[in-house]
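I opened my notebook to look up a few spots in this structure.

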Amino acid sequence: MRLYAVVLAGGFRRYATYRIATAAGAFTNTVFGFIMAYTYIALWDERPHLGGYDLPQALTYVWLGQALLMTCAMMGGGFEDELIERIRTGDIAIDLYRPVDLQLWWLAGDLGRAGFHLLGRGIVPMLCGAFAFDLALPGSPLIWPAFLLSVVLGVVVSFAVRYLVALSAFWLMDGAGVLQITWLAGLFFSGMLLPLTLFPGFLGELALVLPWSALLQVPADVFLGKHTGWALAEAYAFQAGWAVALLGAGRLLQSAATRRVVVQGG
Amino acid sequence: MVDGLRAYGLIAVMWMRSTMTYRASFAMTAFGNFVGNSFDFVVILVMFAHVETLGGYTLPEIALLYGAAGTAFGLADLAMGSMDRLGRRVRDGTLDTLLVRPASVLAQVAADRFALRRLGRITQGLLVLGYALFALDIAWTPLKAALVPVMVVSGAAIFASLFVAGAAFQFVAQDAAEVQNSFTYGGNTLLQYPPTLFAKDLVRGVTFVVPLAFVNWLPALYVLGRPYPLDLPRALAFAPPFVAAVCCALAGIAWRAGLRSYRSTGS
């Protein structure tokens, strides 16, 4: 357990090294937040209470999206590039005879990364958004820890999806195609572009039950106080259910994959 | 200049050949590029599933803004999109290799990893632009008809100069590639929507400071016969080629200044 805590701290520190890049990223999140906020204002101006949100709630949703974009790696950009590279080059063989659990090792590192991104790229855009627009910030202080737990679960679901994707490199070798499909799906079905409650008909119903909705839609709704009491427990159960299912699938795929490993050369 | 273009062409052709070695992978990534950009427009379509107009503009009108900005940005991205790798080259010292070669450094950086898959973005922009021109009811004059291609080409040049200026900034900032994205990708997203959505100060900023408004807003609003933001004179619809020329010149100066200030990592 201690080992994974060290890996987690390492993941945090690793990303903390790139200070200028983090500042540049927070700037970009803020710029996109402003552009999206203005389009939402125009939309909610025509249709107040669209998708069950009033305007301050919709604007809060925009800024939460910018704050969580990197934390939940909705466009990718975590450990998966590195893992795919290790599988492709065969370095994965070294990882496999280490006395650690491969999946937990990468999960710990990714949680560290997410923690850094939440602080480094989450707080500044959120503050800018709150300063420039009228946001619906939580009335009860209890919502903050509830939101954080939901974010952690979202990060685990995001990790589990990306772990599966990375393992596909055992069969595909080139990860570019699947990575691209993954970030497209993540961007669209997490609700990053528009709240999923605005998606029409069947597409909307489907988007709400897919794992990606655990990345932004669920944490944002927790933040906005849409889930309280039993509904909150249900929201957590939804996220945790996907986390367990996808992590389990990752285990199965991992054992299938490691049986395939052929170490080349001496 | 001629040598630079020649070098650019040679490097680009080399990367195209290398891309075409894996045709299936190329087809997939080009398709992904196409689909990825289409999501922006899907969002606009979902918005219009709920409303009739956005900021006073109808769907075909917004499609004209979107198509013009998207195509212009796609062209600039195809030609200059690799410029954002410059920061990495400065950090790891591989820029030195380019400096000792007898060819324009700008051409080498711009053509590096020339990505033909970016045709996906251009195709998507052109399709939306085509839809807009088909769906809009415009009283076409020769002037308006000529303005559409001029707008796309000058817009591409304005975006291209932003890519170059952003790269020049990275000589100083090194790992601030994302700041460039705010102006290029962010600018493209901004221009997909009409200026009536945005605060006056923001519109002023993208007209007089970073002249994004000349990419599509001013010429397209002329074609649509729509009122101008900030009470600007309508003659500005014809300014994009000149604005583009000035932007390219300024970006060229910034690039030279950046390159001159470059100190190798020494490794």
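My entries below cover a helix residue, a surface patch, a cavity, a pocket and a loop.

Ground rules first: I am working with a predicted model, where local features need pLDDT of at least 70, side-chain atom pairs count only at pLDDT 80 or more, and totals for chains, interfaces and linings use all residues. Residues are numbered from 1 along each chain as its sequence is written, chains are lettered from A and ligands numbered from 1 in the order in which they are written, and side-chain values use heavy atoms, with hydrogens and water left out.

**Entry: Thr184(B).** I found Thr184(B) in helix α9 of chain B, residues 177-191 (helices are DSSP runs of H or I, at least four residues, numbered from the N terminus). Buried or exposed? Thr184(B) counts as buried because its relative accessibility is 1% (buried is under 20% relative accessible area, exposed over 50%, partly exposed in between, with a 1.4 Å probe and protein chains only). Leaving out residues up to four places away in sequence, I noted that Thr184(B) touches Phe73(B), Phe159(B), Leu162(B) and Phe163(B) (contact means heavy atoms within 4.5 Å).

**Entry: a nonpolar patch.** Phe12(A), Leu119(A), Ile123(A) and Leu127(A) make a nonpolar surface patch of about 360 Å². Helix α6 of chain A, residues 102-132, gives the most to the patch, with 3 residues. I looked up Leu127(A), which sits in that α6, and Leu127(A) counts as exposed because its relative accessibility is 57%.

**Entry: the cavity.** My search of the whole structure gave 1 cavity of 30 Å³ or more (on a 1 Å grid, points where a 1.4 Å probe fits but cannot get out; lining residues have an atom within 4 Å of a point). The largest cavity holds about 40 Å³ of space. Its lining includes Asn37(B), Tyr66(B) and Arg121(B).

**Entry: a pocket.** The second largest pocket holds about 680 Å³ (a pocket is an open set with protein on both sides within 12 Å along at least five of seven lines). Of its 23 lining residues, Met1(B), Met80(B), Ser104(B), Leu106(B) and Ala107(B) lie nearest the centre. Which helix gives the most to that lining? I wrote down α12(B), with 6 residues.

**Entry: Arg98(A).** Arg98(A) is in the loop between α5 and α6 of chain A. At 35% relative accessibility, Arg98(A) counts as partly exposed.

Conventions. Helix = DSSP H or I, 4+ residues; strand = E, 2+ residues; numbered from the N terminus. Patch = residues over 30% accessible without salt bridge, like charges linked within 9 Å, V, L, I, M, F, W, Y side chains within 5 Å. Areas by Shrake-Rupley, 256 points an atom, 1.4 Å probe, with all protein chains shown as cover. Salt bridge = Lys/Arg side-chain N within 4 Å of Asp/Glu carboxyl O. Points joined across faces, edges and corners; volume = space filled by probe spheres on them.
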